[in-house]
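I opened my notebook today to look around one protein model. Here is what I looked up, entry by entry.

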Amino acid sequence: MKTISPNINWVASVHLALSLFGLPYVAGTSGFCRKNALGRISSLCSSASVYMSPAAPVKARCPVYPGSDTHRFLVSDDKVDWDTDWPQYSPVNYTAPTVLKKPVWADPEIGAFSPQFNSLDGSVDRRSHEGPYHIQNGKPLNPHGRTGLEGRGLLGRWGPNHAADPIVTRWKRDSTGQLVLHTNSQLPVLQFVSIKRLDCGEWAIPGGMVDPGERISQTLQREFSEEALNSLQASPSEREETQKRITELFDSAGLQVYKGYVDDPRNTDNAWMETVAVNFHDESGNSVSELPLQAGDDAGQVSWIDVDSSLDLYANHLHFLETVAKERNAHW
Ligand code: BGC
């Protein structure tokens, strides 16, 4: 079986990380992002084979904030909940310089700026998929608890930052077109379009941020076209043919597999990622499956990858694939 990068011995790695940090995490938690403070564990940026309950985010407490040398204030499992009294809590304040430069996709600093939280604020949707969130001292509070870092980090919006993840699948077939059954499970093998993210080097679903005023269905289609088919660089005629097939697939009834908070390493106490993940399946294999994949925009590489529980993917993307595989009665 082809896999991207088998999740070898991650439990042992997590145990090692936990003991290095002296943290009271338990086995079954997922990996940390990036290197730790000691620079010793670089392989723990991975997802885990076990999906973490969103009630105990782990990636959002990674010791070193992505793309920076900023260390989070360490938060143990029992202190994550805002309702747990913790007067000593002293989160580090960090907003990335790229965000402070006020690009179009980012909010200004709170003060002169007071957005309409928990509502559709002009064209920016500041509602959470998980219901109303609290505001403290004018700033939104992460509904899944403390992260050890306040400010926005790499995220542009105060509060929820909305993304959408298109999971495009087909059946794996042999050279005669017959479905390939997995040797262990005897179930047909699904393949999905995966990209290697340029920001962290992890394999992921080709998702992206929902633009202001954009419908999620539009984001799903746009992100897939930009990242997996490099539509931004295509000639007008190529783009037309590609768009036709994609529109057909994305107009078909997609299977929504997730909607809500994401345990993302970029999350902070005041800004967090949420996503809607939808599966679009090319059952016959002669629609989008035939289009040549080409990495574009935020993607370094793109490939059809066999869906398997040993994959090592960004954020909670492995959990989305598990749902897809089980729903479609495919090998997992
Ligand atoms: C990615 C999505 C991901 C989301 C939450 C976005 O930046 O493009 O694929 O699900 O972040 O982690």
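This is a predicted model: local features need pLDDT of at least 70, side-chain atom pairs count only at pLDDT 80 or more; totals for chains, interfaces and linings use all residues.

**Entry 1: The whole chain**

I started with contacts between residues at least 6 apart in sequence: 70% of them join residues at least 24 apart. I count two residues as in contact if their C-beta atoms, placed from the backbone, lie within 7 Å. Residues are numbered from 1 along each chain as its sequence is written.

Next I looked up the confidence. The chain averages a pLDDT of 82, and 82% of the residues score at least 70; pLDDT is the predictor's confidence in each residue, from 0 to 100. Residues 1-54 have a pLDDT below 50, and this stretch has 100 contacts in the model beyond near neighbours in sequence.

Then I noted the secondary structure: 5 helices and 13 strands. Helices (H or I, at least four residues) and strands (E, at least two) are DSSP runs, numbered from the N terminus. Of the 332 residues, 41% count as buried. A residue is buried if 20 or more other C-beta atoms lie within 10 Å of its own, exposed if 12 or fewer, and partly exposed in between, with C-beta atoms placed from the backbone.

**Entry 2: Strand 12**

How many residues of strand 12 are buried? I found that 12 of its 12 residues are. Ala-271, Met-273, Thr-275, Ala-277, Asn-279 and His-281 point one way, while Trp-272, Glu-274, Val-276, Val-278, Phe-280 and Asp-282 point the other way. In a regular strand the side chains alternate between the two faces of the sheet.

I also looked up the partners of this strand; two strands pair if DSSP finds at least two bridges between them. Strand 7 runs parallel to strand 12, and 12 bridges join them. Strand 11 runs antiparallel to strand 12, with 6 bridges.

In soluble globular proteins, nonpolar side chains tend to be buried together.

I followed Leu-321 into helix 5 (residues 317-327), where the buried residues are His-317, Leu-318, His-319, Phe-320, Leu-321, Val-324 and Ala-325. The buried residues of this helix pack against strands 7, 8, 9, 11 and 12. Leaving aside neighbours within four places in sequence, Leu-321 is in contact with Ile-167, Phe-192 and Val-307.

**Entry 3: Around the ligand**

Which residues are around the ligand? I listed Ala-163, Asp-165, Ala-204, Ile-205, Gly-207, Gly-208, Val-262, Asp-264, Met-273, Thr-275 and Ala-315. Strand 7 (159-171) and strand 12 (271-282) are the elements that give two or more residues to this shell. A residue is near a molecule if its C-beta atom, placed from the backbone, lies within 6 Å of it.

By class, I read 6 nonpolar, 3 polar and 2 charged residues in the shell. Ala, Val, Leu, Ile, Met, Phe, Trp, Tyr, Cys and Pro count as nonpolar, Asp, Glu, Lys and Arg as charged, and the others, Gly among them, as polar.

**Entry 4: Loop residues**

Is Arg-61 buried or exposed? Arg-61 lies in the loop between helix 1 (10-21) and strand 1 (92-95), and counts as buried because 28 other C-beta atoms lie within 10 Å. Not counting residues up to four places away in sequence, Arg-61 touches Arg-72, Val-75, Thr-147 and Gly-148. Gly-148 is 87 residues from Arg-61 along the chain, yet their C-alpha atoms are separated by 6.7 Å.

My last stop was Gln-186, in the loop between strand 7 and strand 8. Gln-186 is exposed because it has 8 other C-beta atoms within 10 Å. Its phi is positive, about 60°, although Gln-186 is not a glycine. Most residues other than glycine have a negative phi, and most peptide bonds are trans.
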